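Notebook open. I want to go through this structure and write down what I look up, entry by entry.

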Amino acid sequence: MAVTGYAQKSFGWAATDTSGVLSPLHFSRRENGSDDVTIKILYCGVCHSDLHSVKNDWGFTKYPIVPGHEIVGLVTKTGCDVQKFKVGDRVGVGVIVGSCKTCDICQQDLENYCPKVIFTYNSRDQDGTRTYGGYSDIVVVDQHFVLHIPDNLSSDACAPLLCAGITVYSPMKYYGMAEPGKHLGVAGLGGLGHVAVKFGKAFGLKVTVISTSQKKESEAINKLGADSFLVSTDPAQLKAAMGTMDFIIDTIAAVHSLAPLLDLLKMNGKLVTVGLPDKPLELPIFPLVLGRKLVGGSDIGGMKETQEMLDFCGKHNINADIELIHIDYINTAFERLAKSEVRYRFVIDVANSLARN
Amino acid sequence: MAKSPETEHPLKVVGWATRDASGVFSPFKFSRRATGEHDVQFKVLYCGVCHSDLHKAKNEWGNARYPLVPGHEIVGEVTEVGSKVEKVKVGDKVGVGCMVGSCRQCDQCTNDLENYCSKMILTYNAVYTDGTITYGGYSNLMVADEHFIVRWPDNFPLDAGAPLLCAGITTYSPLRYFGLDKPGMNIGVVGLGGLGHVAVKFAKAFGAKVTVISTSINKKKEAIEKLGADLFLVSRDPEEMKSAAGTLDGIIDTVSAHHPILPLLGSLKPHGKMVLVGVPEKPLELPAFPLLSGRKLIAGSGIGGMKETQEMIDFAAKHNILPDVEIIPVDYINTAMDRLAKSDVKYRFVIDIANSLKAE
């Protein structure tokens, strides 16, 4: 049942069952509170998590679901206690819109790991209602969870940074990958992977893309700036690259064995997995023990680090590579996304295509 | 005529070896090299029985060279030193652990991580730089390069201390490297055998609160009363594991059998670390969500470099950390292996070589 009866009318596209097909939905959002900003949405990135969620791949979707957590827009209202933003500011909203703000974890600027975290969509808000995401005209968000967008970034192309960007930036910092001269492998060249390549180059790393699709090689090298490309289904290429990488960011969303990736790592190498397959990964133990290697997880980042990531992108002029679409293309976009047929993120031109009926 | 183990080297040695994958041990005459200028020769006094010895004797890891003389928790008394040896002298007490050689030049070796050198030579069942097979400590004499000799602290028991040379470094190294050695931390130890019981002792010495996680409820009393563990959880009891959810800073998992890691991941705090030191043969299942949603990590660790092994022995001597051992004569070894396969030992067998293995 859609949330209605709140003060601000809202309109978006939602999935209503596990077919994952989206269609228009009228609903409403809360009145702009003292700490809130209301944002007119200009663009929203299409994250693979959106696709998983609308189809209930992970088993916790409540319908109707309005996805979208890579939101860029303009502030239209500010609450009386809002200091950070003014009307007209260009801002972003990512994966989270609330947390308890008082626990140890929140106090360390790690709101994303707070046990009471509230996600931008498909989550239970503080007033008990479901949250709705950025495939819609407006969003109302606590200022703490709203981000400044650096002036030089493009509104449409920076939207994916709000999830894909922080998802790879955070572990690259946390696991010590930002060391110039070291060798980073990026497994999977989609929304997450292509941003990881750009960040890797900005950190001064040598970057090798690891992919099943040979046809992605030319762009990986010539357009994204990767130093080399490895086809992971070719045993000879894997063997030649054994023990050469300091780090690997594994962005692959499908179930896969970690064995070939672990072999690519040097001793004491680190593999960080940021993809979320719906079944367990196969983890061989011998390579971990014999090489003191590790497999770590990471899940987006806190608000402070997300702003730091955006500022880093501003400094290095990093935008995502996108395909801009209208909202009524979304179902086709999801089908193409399921087949990895996008270079490398769809972004919905919300302001120019989401018309109220 | 090809040289036999007995004739390939000048120094006559007796030991006990397995001849095939049955893993049955019997006396074996062989030989070791003359003491080179960097070598230390010593009379073996005691040798710990590591579970790896059993795995290798039965060719469970597939690369056994028979006859196979295991043993890599070796302590003894120096009988001869090479002309360039500076570390020890005749009469000193020494130890040798899992390695007897490495390239000494690569990044790993120059960072005191010989155990991760791609050319690292194991104490037994490996090929030495002279092309001959290495034989381990189930024997009366050892010859090793001084770089791989550990100086034994004065007044530190040799019999009970021998297992530190593998079990000790295997658990000490990851506690240090992964930062799980800070006072007040909550550390879980999975499995209470040779590795596990030593992990409990080190973690307590570092000032941690220790939770033992085991399949056997009958290990609880000793874990708490004798080893000093603070808590004991039965790993197959979902309620007990749930009660510990999100409480541990780190886990040292010593279990070699295939086991589910999901409840263990669940017991870690966010940003917690699980380190595997046991080596299950088949891959484990790693669920992505719990790893990601708490930014947790799973790592492996295998023994430690020589510098750290010496540091660990000195630390153990200073804090009086000694494994709990059952001393056996060498001719008990077949029974000991049967019992070890059933985890029927508290917690390490140690062979009294000097008093039971006589040269003829």
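**Entry 1. Charges.** For the charge count, Lys and Arg are positive and Asp and Glu negative, while His and the chain ends are not counted. The place of a charge is NZ of Lys, CZ of Arg, CG of Asp or CD of Glu. I looked up chain A on that basis: it has 35 positive and 38 negative charges, and their mean positions are 2 Å apart. In chain B I found 40 positive and 41 negative side chains, with the centres of the two sets 3 Å apart.

**Entry 2. Ground rules.** I am working from a predicted model, in which local features need pLDDT of at least 70, side-chain atom pairs count only at pLDDT 80 or more, and totals for chains, interfaces and linings use all residues. Residues are numbered from 1 along each chain as its sequence is written, chains are lettered from A and ligands numbered from 1 in the order in which they are written, and side-chain values use heavy atoms, with hydrogens and water left out.

**Entry 3. Chain A overall.** I noted 12 helices and 18 strands in chain A; these are DSSP runs numbered from the N terminus, helices being H or I of at least four residues and strands E of at least two. The C-alpha trace of chain A spans about 60 × 40 × 35 Å along its principal axes.

I then checked burial, where buried means under 20% relative accessible area, exposed over 50%, and partly exposed in between (1.4 Å probe, protein chains only). In chain A, 61% of the 357 residues count as buried. Its accessible surface is about 13,600 Å², and 51% of that belongs to carbon and sulfur atoms; the areas come from the Shrake-Rupley method with a 1.4 Å probe, and for residues only the protein chains shown count as cover. Contact means heavy atoms within 4.5 Å. Of the contacts in chain A with a separation of 6 or more, 67% are between residues 24 or more positions apart.

**Entry 4. Chain B overall.** Chain B also gave me 12 helices and 18 strands. The C-alpha trace of chain B spans about 65 × 40 × 35 Å along its principal axes. Buried residues are 59% of its 360, and chain B exposes about 14,300 Å².

**Entry 5. Record.** UniProt, in an unreviewed entry, places "domain: Enoyl reductase (ER)" at residues 20-348 of chain A. Such annotations may be inferred rather than shown by experiment; the positions are in the numbering used here and feature names are shortened. That span of chain A is 26% helix and 27% strand, and its end C-alpha atoms lie 17 Å apart. For chain B the UniProt annotation covers residues 23-351.

Entry 6. Which residues are joined by a cis peptide bond with omega of about 0 degrees? They are A:Tyr63 and A:Pro64, and A:Pro64 is in the loop between helix H1 (48-54) and strand S4 (71-78). The bond from A:Arg343 to A:Tyr344 is also cis, with omega near -15 degrees. I placed A:Tyr344 in the loop between helix H11 (330-338) and strand S18 (345-349).

A:Lys101 is not a glycine but has a positive phi of about 70 degrees. It lies between strand S6 (96-98) and helix H2 (104-107), and is partly exposed at 35%. A:Asn122, not a glycine either, has a positive phi of about 60 degrees. At 11% relative accessibility, A:Asn122 is buried.

**Entry 7. Helix H4 of chain A.** Is this helix mostly covered or mostly uncovered? Mostly covered: 9 of the 11 residues in 164-174 are buried, among them A:Ile166, A:Val168 and A:Met172. The buried residues pack against elements including strand S10 (183-187), helix H5 (191-202) and helix H10 (303-316). Just after H4, A:Gly176 has a positive phi of about 70 degrees.

**Entry 8. B:His72.** I found B:His72 in the loop between helix H1 (51-57) and strand S4 (74-81) of chain B. With 8% relative accessibility, B:His72 is buried. Beyond its neighbours within four places in sequence, its contacts include B:Cys47, B:Cys50, B:Asp53, B:Cys98 and B:Cys166.
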